[in-house]
Amino acid sequence: MMLRWALTIAYIGVLVVALVLQLFVPSISTLLFYGVLAWFVLSLFLYRLPAMNRPISFGKTPTPPPVVPGPSGTPLPSSPVDLGFCVKCGTHLPPGTSVCPVCGKTVLPV
């Protein structure tokens, strides 16, 4: 479960509690209104935090993401691959070239 979902569940819980309190204790309706309004504004900022995309778990360990194989079913190569062209200007390069002769960019195998 993502942290964002946990905040959504908490948001719904706060709204339900506020509605129940509004029905049974109408004298604090102004306080409830401003409390829910503050919670709404705070949650707008909380939803935008980068940490809200983190997965959370309750008592179980998260599973690692699966390894995606290449198109032919073989794993993707982990060693550098010679592209055969300069990534800056597109000039065709012979294998083993370390500097592009046209633009002078250092060619590093990807």
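In which helix does V36 lie? In this predicted model, V36 sits in helix α2. Setting aside neighbours within four places in sequence, V36 touches L15 and A18. Y11 is 25 residues away from V36 in sequence, yet the two C-alpha atoms are 9.3 Å apart in space.

Helix α1 covers residues 3-24 and helix α2 covers residues 29-47. Their axes come within 10 Å of each other and cross at roughly 170 degrees. Since angles over 145 degrees count as roughly antiparallel, that crossing makes α1 roughly antiparallel to α2. On the α1 side, the contact is built from R4, L7, T8, A10, Y11, V14, L15, A18, L21 and Q22. On the α2 side, S29, L32, V36, W39, F40, S43, L46 and Y47 take part. Sorted by class, the contact of α1 with α2 has 13 nonpolar, four polar and one charged residues.

Then there is the surface. A nonpolar patch there is formed by I12, V16, V17, V20, L21, L23, F24 and V25. Together these residues have about 740 Å² of accessible area. One of them, V17, has its place in helix α1. L21 is in the patch and is also listed in the contact with α2.

Notes
Residues are numbered from 1 along each chain as its sequence is written. This is a predicted model: local features need pLDDT of at least 70, side-chain atom pairs count only at pLDDT 80 or more; totals for chains, interfaces and linings use all residues. Side-chain values use heavy atoms; hydrogens and water are left out. Axes are lines fitted to C-alpha atoms, for helices over the stretch in contact, and angles run from 0 to 180 degrees between N-to-C directions. Helices (H or I, at least four residues) and strands (E, at least two) are DSSP runs, numbered from the N terminus. Angles under 35 degrees count as roughly parallel, over 145 as roughly antiparallel, 65 to 115 as roughly perpendicular and the rest as oblique. Contact means heavy atoms within 4.5 Å. Ala, Val, Leu, Ile, Met, Phe, Trp, Tyr, Cys and Pro count as nonpolar, Asp, Glu, Lys and Arg as charged, and the others, Gly among them, as polar. Patches are made of residues with over 30% relative accessible area and no salt bridge: like charges are joined within 9 Å, nonpolar side chains (Val, Leu, Ile, Met, Phe, Trp, Tyr) within 5 Å. Accessible areas come from the Shrake-Rupley method with a 1.4 Å probe; for residues, only the protein chains shown count as cover. A salt bridge is a side-chain nitrogen of Lys or Arg within 4 Å of a carboxyl oxygen of Asp or Glu.
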